[in-house]
Amino acid sequence: MAKGFFSRGFLGRRRDPEQAARLPPGQYLTDGFPVLSAGPTPYTPKERWDFTVVGAVETPQRWTWDEFQALPRAPITADIHCVTKWSKLDTMWSGFSLDTIIGAAKPQAQYLLAFCDGGYVTNLPLADVTDNKAWIVDTYDGAPLPLEHGGPVRLLVPHLYFWKSAKWVRGLRIVEDDQPGFWESLGYHNYGDPWKEQRYQGD
Ligand SMILES: Nc1nc2c(c(=O)[nH]1)N[C@H]1C(S)=C(S)[C@@H](COP(=O)(O)O)O[C@H]1N2
Ligand SMILES: [Mo]
């Protein structure tokens, strides 16, 4: 009871400037967690699920669900920013560092496409998903990742707009030439840095 009172009053007032500094230009804070999906929510049973790293790699990788679960696990707390202007601070996830997953494949090129159940694709520079900047996550707020938010696993690349955090992700294709994904070919910015407001092509 006292907790709610203090967080809205005394503590809230001290925290506001700190929160404002974490909000990229043009964004507002939300406590909810909107669902944004370009199509229906796909579902692949665990027995048929796998995760692969393919393309320009020295050693292509494939993990079954059980093998994937045996990878080293990490907790992640991150601020997320959607191009439709909502941001959420301190979202809590757990999952697997892409350093482990991509490192195993020994990539031979500098770009990648994340591909998903349902056909969604997004493109990223390899440098943006290595060095502890991106994860494959399977829990949100201490519970299994809800299907509508990308369960069983999604990509989490919190330093870029949230459309880069592909839901229902099934693998990565390492490519020599950068090529636009789904939203990128429909006019979204190729890179999507929220701090530079790179929302659309030309921003
Ligand atoms: N596979 C897939 N991943 C996706 C999308 C999608 O339509 N399909 N939408 C993207 C967009 S535009 C956003 S803002 C976030 C939304 O994630 P959420 O629904 O968990 O909020 O997922 C991204 N990842
Ligand atoms: Mo989005």
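Author: Let's start with contact, meaning heavy atoms within 4.5 Å of each other. Take Ser165: leaving out residues up to four places away in sequence, Ser165 touches Arg154, Leu155, Leu156 and Val157. This is a predicted model, in which local features need pLDDT of at least 70 and side-chain atom pairs count only at pLDDT 80 or more, while totals for chains, interfaces and linings use all residues. Residues are numbered from 1 along each chain as its sequence is written, chains are lettered from A and ligands numbered from 1 in the order written, and side-chain values use heavy atoms, without hydrogens and water.

Reader: Where is Ser165 found, and is Ser165 buried or exposed?

Author: Helices (H or I, at least four residues) and strands (E, at least two) are DSSP runs numbered from the N terminus. Ser165 sits in the loop between strand 10 (154–156) and strand 11. Buried means under 20% relative accessible area, exposed over 50%, and partly exposed in between (1.4 Å probe, protein chains only). Ser165 counts as buried because its relative accessibility is 2%.

Reader: Which residues touch the most other members of the largest nonpolar core?

Author: A nonpolar core is a set of buried Ala, Val, Leu, Ile, Met, Phe, Trp, Tyr and Cys residues joined through side-chain atoms within 4.5 Å. The largest one here has 36 residues, and Phe51 and Ile101 touch the most other members. Strand 2 (50–55), helix 3 (65–69), helix 4 (98–105), strand 6 (111–116) and strand 11 (169–175) each put in at least two residues. Helix 4 gives the most to this core, with four. Click on Ile101: beyond its neighbours within four places in sequence, Ile101 is in contact with Phe51, Val53, Trp63, Phe68, Leu71, Phe96 and Ile136. Another core lies apart from this one, with 13 residues, among them Ile76, Trp135, Val137 and Tyr140.

Reader: How many disulfides does the count come to?

Author: A disulfide is a covalent bond between the sulfur atoms of two cysteines, counted here when the pair lies within 2.5 Å. The count comes to zero. Cys82 is in no disulfide, and the nearest cysteine sulfur, that of Cys116, is 16 Å away.

Reader: Last one: which residues are closest to the centre of the largest pocket?

Author: On a 1 Å grid over the protein atoms alone, a pocket is an open set of points where a 1.4 Å probe fits, with protein on both sides within 12 Å along at least five of seven lines; lining residues have an atom within 4 Å of a point. Points are joined across faces, edges and corners, and volume is the space filled by probe spheres set on them. The largest pocket has about 480 Å³. Of its 27 lining residues, Leu36, Ser37, Ala38, Tyr120 and Lys167 are the closest to its centre.
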